[in-house]
Amino acid sequence: MRERWPSKRLAAYAGVLLTCLIIAVVAGWTAPAARIDNYAYDFLFGLYPQPERRAQSAILAIDEATLRHTPGGARRIRMILAEALELIAAARPRAVAIDVILADQGEDSAEDERLSRAMLATRNLVLPCELTDLRWEDPIPLFRRRAAAIGHIHADRNPYDNVSRQIPLEQTAPGERRWALSLETFRLSRGAAAITESPDDIEVGGVRIPAPREGDQRPMRVRFRASIPVVAVDELRHNAGLARTFRDRVVFVGVTALSYAYDRLKDPLGRNLPGVEIHAQAFETMAGGDFLTPASNLSVLALCLALAAAAGITFWFASGWTAYGVAAALLAAAHLGPAAFFRHGVVFPYFTSVSAAWLPIVGAGAFQYFSVRRQLRKSESDKARYQQAIHFVTHEMRTPLTAIQGSSELISRYDLNEEKRRQIAGMINSESKRLARMIQTFLNVERLSEGHMEIKRETFPARELIEACLARVQTLADRKQIRVFAEDISEDAISGDRELMEYAVYNLLTNAIKYSPAGTEVRVATERERDRLRLSVRDQGIGMDARELRNIFKKFYRTKGAENSGEAGTGIGLSIVEQIVTHHGGRIEVASSPGRGSRFTIVLPAHAAMTASSHVRKP
Ligand code: ADP
């Protein structure tokens with residue numbers, strides 16, 4: 001029992017930690033956790049901006065002024081696009097991506113012709129397509145012919161906060177997949193013929209883009225940077241020299257005018273960006289190799305497990321300020337860890353990291369706190385009961401001691417006749433023997449519970465044992481007017497330590513008398529059941545309920561009824577009885593109900609009836 005306790009406690013402790021860990025990981029998948037992760041992500045974005053370097057792209061913007069200064073305004077967008085391409089042609093950009101849908105026939109065919117001609121003169125032209133009603137809306141053939149590639153213009157908007165943190169590198173309509181506009185532009189700018197893909201990444205012109213497939217998309221996190229050069233078409237009209245901005249760069253042409261750009265999106269830095277800039281930003285992420293990859297599920301789980309294990313080990317082996325100090329360090333690591341990962345381009349879920357540290361730490365701390373408190377309470381009550389037991393024992397010993405003392409005084413003080421002296425000497429002798437027996441029993445029981453004692457093996461008839469015990473309790477029974485008697489005693493023998501067995505049966509009998517009202521009966525009986533001998537003590541006393549029955553064999557436990565009965569007791573008798581019986585290879589059974597009496601049965605291995613001569617007990 002004593003060795004099993006720490007491992008049981010350890011199992012409970014591990015269970016608490018595991019539950020905390022599971023809750024932390026599962027909670028990490030919920031919508032509120034996703035929101036918190038996003039806040040943390042955006043915060044880190046602002047905290048660790050990308051180092052400034054020369055942008056490899058520039059935006060050619062169709063802004064408010066451009067529209068205002070164009071007769072017909074937004075309706076003449078194709079004319080503006082043609083003009084824009086013409087204005088930058090001399091700068092020979094590496095590639096040009098247009099973010100204006102050109103899916104229907106224009107009102108003015110002359111304008112379409114002009115745009116088509118301007119496109120023809122443009123190197124590495126990428127045109128947009130869009131998914132509507134599950135099919136691709138492509139540019140009309142007149143323009144499509146001119147394009148080196150077609151790319152989709154969809155961005156991923158987070159459903160919770162409308163912020164765009166990533167774009168799908170691929171998008172599929174039934175039967176046809178398209179790469180993103182920015183990816184196609186990147187490919188052409190690198191002079192790569194093809195895009196090679198694997199389940200976890202995409203390779204273009206020697207650059208590996210980490211973008212594991214999720215469903216039918218491949219989201220890529222965009223590393224939004226501070227600024228990408230922007231030149232408006234209207235500015236170019238007045239200052240043709242500005243076209244040099246586009247030299248050797250990739251150009252993204254699109255509408256930025258607030259009144260016309262319906263595709264504005266929020267970025268993690270809190271800016272409101274037009275769609276064309278999102279494409280340019282995605283391109284810059286690829287061109288600069290500034291990828292952010294989500295931490296794999298396995299590594300998240302491993303890290304959470306490590307945090308929980310560290311919390312568990314800390315609170316198991318350390319306590320007080322040491323434990324709190326280590327726990328604080330763990331919490332700091334869990335809070336700062338995602339930032340460190342972020343700096344190395346890995347997105348680690350903040351909520352999961354933090355909750356995988358907090359929950360196990362709180363769980364482990366609480367477990368230790370409550371278990372220490374419970375142990376303290378238990379040891380305090382054990383101590384109190386132990387003191388009671390000591391009182392009782394000393395009280396018990398005082399009776400024979402007083403007798404011995406008194407008798408010895410009688411002998412020394414008075415001149416007694418021979419017979420009287422012999423009588424007193426006999427009494428001193430028997431009382432001191434009783435005292436010695438009492439001490440021996442206590443010592444035996446102590447050694448028995450420590451497992452140090454070998455049990456004496458003698459064989460004696462059950463009847464003898466019962467009769468000796470009945471004789472010893474007779475006075476107690478008479479005083480309470482309780483009739484104690486034996487019935488159906490079998491001729492079987494018991495093998496074991498006679499003194500200890502006597503102690504056990506005597507204890508059951510005194511209990512039966514103590515916890516019964518006057519005028520009732522206590523009967524002892526034996527019964528042979530195959531190779532077992534059942535020795536039972538039945539009373540008509542106060543009884544016990546089921547909960548009490550589960551506890552009576554615990555040291556120092558006493559029922560309410562026993563406490564109120566006015567009978568002295570220590571609550572250790574039955575625990576000793578149980579130990580004695582189990583050391584004899586037997587067990588003890590109890591049947592009882594409140595107010596209806598109890599039956600205690602000792603079940604022992606039986607031995608066949610003995611011959612008359614072997615009954616004789618050695619003096
Ligand atoms: P105690 O010294 O208190 O009698 P024991 O270990 O012998 O200690 O018994 C433990 C408790 O079990 C008792 O205090 C009492 O509450 C209950 N008990 C034992 N025997 C009986 C019985 N025959 N009838 C009712 N209650 C009993």
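Two strands count as paired if DSSP finds at least two bridges between them. In this predicted model, that criterion bears on a three-stranded open sheet whose order is E9-E10-E11 and whose pairing is antiparallel. The chain that carries this sheet has 18 helices and 25 strands, and its radius of gyration of 47 Å is well over the 25 Å that the globule rule gives for 619 residues, so the chain is more spread out than a compact globule.

- Three bridges in the antiparallel sense join E9 to strand E10, which covers residues 201–204, and Thr196 has Glu203 in E10 as its bridge partner.

**The helix across the sheet**
- Helix H7, made up of residues 181–189, lies across E9, E10 and E11, and runs at about 35 degrees to E10.

**The chain as a whole**
- Taken along the principal axes, the box filled by the C-alpha atoms of the chain is roughly 150 × 55 × 40 Å.
- Of the 619 residues in the chain, 47% are buried, while the accessible surface comes to about 32100 Å², with 55% of that area belonging to carbon and sulfur atoms.
- When contacts between residues at least 6 apart in sequence are considered, 72% of them join residues at least 24 apart.

Technical notes: Residues numbered from 1 in each chain as written. Predicted model: local features only at pLDDT ≥ 70, side-chain atom pairs only at ≥ 80, totals over all residues. Heavy atoms only, no water. Helix = DSSP H or I, 4+ residues; strand = E, 2+ residues; numbered from the N terminus. Contact = heavy atoms within 4.5 Å. Axes fitted to C-alpha atoms, helices over the stretch in contact; angles between N-to-C directions. Rg over C-alpha atoms; globule rule 2.2 N^0.38 Å. Buried < 20%, exposed > 50% of the residue type's maximum accessible area, 1.4 Å probe, protein only. Areas by Shrake-Rupley, 256 points an atom, 1.4 Å probe, with all protein chains shown as cover.
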